[in-house]
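User: Could you take me through how some parts of this protein fold together? I am new to reading structures.

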Amino acid sequence: MIIQTLTYKTQNGDGETATHSLGGMAHALHCADVNAARNLSRLLHRILAARAVYNASPPIQIATEMPGCGALTATLAAEPDDAQHHYSLSLAADDETPEPIGADLLLLSLHEMLEEDYDYARIAREMAAIVDTGNSQHDLIAALARLDAFTARVGRDSDGNTPLARARVRLASLKKEYEAAESALRQVREHARSLETLRDQVDACRHEYDQTERRLGASVLGQLADSLERLEALERDIEAARSGKCLDSDEAAAIQRAETQTETARLQVERTREELRAITEEIEALRGVIANRTEMSDGAPEEMEQLQRHIQSGQGRITEFNARLDEVNNQIGTLDAQIAEAQEQLTALPDFSRIAPNPTDWLNQLARSFKTALGVRDAEEETRDALREELANLRVEIAGDAAIFESSANFAEELLAHQNARQHWETRSTQIGEEIRQKRSQHDEQVASMPGLFLLSLGCALFLSLLLGAYVGLQKAPILIPAFLMLLSILYFLTQLLLTRARVMRLARSIDKCQSELDMMGSGEQGEVSQIDRLMTRADCGTARELEARYDRYRELRAKIEELETRFAQQEEHLRESEERIPKLFERVRSTLEQVEEPPEDEDDIENAVGRAIAKYQVYRETKRRLADLRNQHQGLLGRRRFLERELATTRESLPETEKQLREIMRNNGFADEGDYRDINAALTAYYRYLDAIEENTGRVNTLTRTLQSLEARLPEEEAALATFTSTLEALLAHAQFDSPDEARAAAANTMALRDMEREKATIEQQQESVLQGRPVQVWHKLAGDAVIDDDDRGPEHYARELEAIRQQREDALQQYRALFQKRQQALAAHKPLCEIAEDMAALEQHIATLRRDVSAAAHAGALTEESLRTWRARHSSAIAERASEILAVLGIDARMRLDLDPNDAPSLEAAVENDHAAATPAVLSLALRFAAAEMLVGGDGAPPLIVDATLQGAPLPAPPEKFVAAIKEIATSRQVLLVFEDDAIADAVSKLEMQKTSF
């Protein structure tokens, strides 16, 4: 197959189109503009890809838009002289036609080859992919990896979180669910017997309730009869009580109150008269005792009180002075012993005045300084260790990501390219799917129209046969006219039927071709393993977004590790400085503490040594202060002892004269027994007892006299009240027509009994109403029925309680029945029906069988791929290398290449160049291998054209222009080669070698 013609608009502004015929072998397309050259090569490649996708038989015309140049139409033909056009299609400018398998064999871009940093290993890897799939990015090893990943993803065994494993777990769960449902159904059958028992219990309670209700009615009727008999007896007693005397309760209370007041007044008068007699006798006796008292002078009590206070004060001061003297002497002795002890302790302690004016602050400052230095060192060390641990943890954490992303040179560009390729594949898949739907719709319409055309042709043929029969029989010429028209109709309908059938076949082939392209795109997408795919596989990421997030995390961890390494180095320096400062400070503290006889043993003993030195200084300071305080206290106690001795002597000299004056006053006041007491205090006590006895008798007489006067004044009033109450009682009895209070009390008792009987009557009537419970008697007769009262009748209350108990028992049974019924329903509701579970199990078993078939198919495909991979690579690697060596000879380089594409080892390329030829660069070797691959892998009749995109954009050719064009002509001996370029040097070489050229 070749591209026969190219039709495009000219640039002269008149909008005319120009058609250029292309050579069947090598043809050069010269574009003055770089963009036009690149667009032209890409559009030609898209045209070839569209032809492969749509699977249209040549000749075919494909039209599309070339940016900057307008419409472009290419004619593809199987032979150079084939000029008939039976099929055409248009490609939109933004139509991203997917590249078919073998895309790198149809388009060779020198600019991309020169831009890349090629080496032998990379060339060998690309050639392995090209030999496998015709694409430099996707090889069969990646396809095997995807098959293996698919097998692992579906699940090889029951372990892991795979669809097959989950399906097996789900099947086991369904089996357990089936067993649980069967068990629940068995339990429900057991509940049926309990439900029947509870229903029988409810019926029994209902029957017992009816029997007890009849007994209640009989008991109510019996109790009602008893209450009626009691009412009749009470009515007879009430009539008898109403025939006797009655007294109103108010009158009875007034008479009772008057009688009580009269008796109380009489008793009070008798009690008052008895008290008057007793008080008169006691007053006469006390007056005889008081008559023997001697009169006391007016000023004697005040003088005695002053003298007594003087004596008591003197005696108290003497006692106090003696006690204070004893206390002071004891304190002086104690202080002497304490002063001697303090002087001994002070002699044994070191002299702290040599260290500093304030030794405590100085020692604390030294200890704090050393402790701070130790703390700083420990903090620095902890910080260093924490940084080291954090750094180690981060290195462990980043190890997995580092192994994944370190091989990626530029992850952002690779991810962008991967996303663009993915978007391109998805867009093109959608377009092909829409095209398949449209063509299937057209195919169905054409197929639906074919039976109608066939019937019309058949009908016309039958009618034509009738006309011909008529003509044979009648031999009339006019019959031939409609016969001729029927023949034309038959031909027309048959032609339309054949054309419709041809269109149906073309649509079917086009649909198959689109479907094949879609399948090839899907398999190519699955087999294509880009750098991002490999990273996603190694990182176990499902999407590129997850991989990008993981890469961002890797970059953050890497930046954090670098920052931590800097901080760790700084922390090491700080720790070294802290460790050098501690020994110097220790020597300084040690020299200071040696002066107070507390040298530290080591660094850990610094704080204890300082504490001991401070404690010793505290003892030293406290001892000095206590010694000064003791000496001051000793001088004060000596002065206080001299003062107390002087005051004691003065007090003792003033007491004898005062005692003499006091005894004389007691004798003058009639106390003759004062000589019997040697102690003045005892004499005073006896004298005051004497005075108290006289004073007490005098006060008692005065009190009794006032009481006697009060009783004499109250007696007439009590006698008048007695007379008043007596007259009131008599008036009340006369008004009630009673002769004595006893008759009044009897009438009041009769009245109270009458009222009690009336209340009892009302109570019985209320009891009747309560017993009837608001129901008529007829209702109770109907309720009792033929029931009779038993001898051991317990009353309506008992039967009412029994009814309540039976009702409660029935409610409990009903509640148990409902609970058991609900439990039965819940036991059944918690499980699906057995038929549904069985259906789910059958569907799941079918799904498991499908997954197993997928795994087996993937394994079989992998085995076939591995076998074909070894055979295919071994067959073509040596042939491609040999043909590439021949092409290198055309390029002016004498070299022998060896291409090893063993699938069990990494692909390798070796080139033996004669005389160390400088032009044998990796780009030249790659160019020769690509030419050889395009010739060897896509050969035979109808091979697609090879498009060489030589838009260099100022970059040098990998070979001299003449040699390069000669190599193009060498390749063009077996297929059409279109060289698209913009460089003038290539144009000169094309002219020299007389290659057909078209300028755009």
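User: How do β10 and β11 pair, and over how many bridges?
Analyst: β10 and strand β11 (residues 977–981) pair in the parallel sense, over five bridges. Two strands count as paired if DSSP finds at least two bridges between them. Strands (E, at least two residues) and helices (H or I, at least four) are DSSP runs, numbered from the N terminus. In this pair, A950 stands opposite F981 in β11. The chain gets from β10 to β11 through helix α21 (residues 961–971), and this β-α-β crossover is right-handed. Right-handed means that, with the strands pointing away from the viewer, the path from the first strand over the helix to the second runs clockwise.

User: Is this an experimental structure or a predicted one?
Analyst: This is a predicted model, in which local features need pLDDT of at least 70 and side-chain atom pairs count only at pLDDT 80 or more, while totals for chains, interfaces and linings use all residues. Residues are numbered from 1 along each chain as its sequence is written, and side-chain values use heavy atoms, with hydrogens and water left out.

User: Buried or exposed: what are the residues of β10?
Analyst: Five of the five residues in β10 (residues 946–950) are buried. Buried means under 20% relative accessible area, exposed over 50%, and partly exposed in between (1.4 Å probe, protein chains only). L946, V948 and A950 point one way from the strand, and I947 and D949 point the other way.

User: What does I986 touch?
Analyst: Leaving out residues up to four places away in sequence, I986 touches A950, L952, L957, V965, L979 and F981. Contact means heavy atoms within 4.5 Å.

User: Different topic. In what order do the strands of the five-stranded open sheet come?
Analyst: The order is β2-β1-β5-β4-β6, with mixed pairing. β2 (17–21) and β6 (88–90) are at the edges with a single partner strand each, so one side of each has no neighbour in the sheet.

User: How does β1 pair with β2?
Analyst: Strand β1 (residues 2–9) and β2 pair in the antiparallel sense over five bridges. K9 stands opposite T17 in β2.
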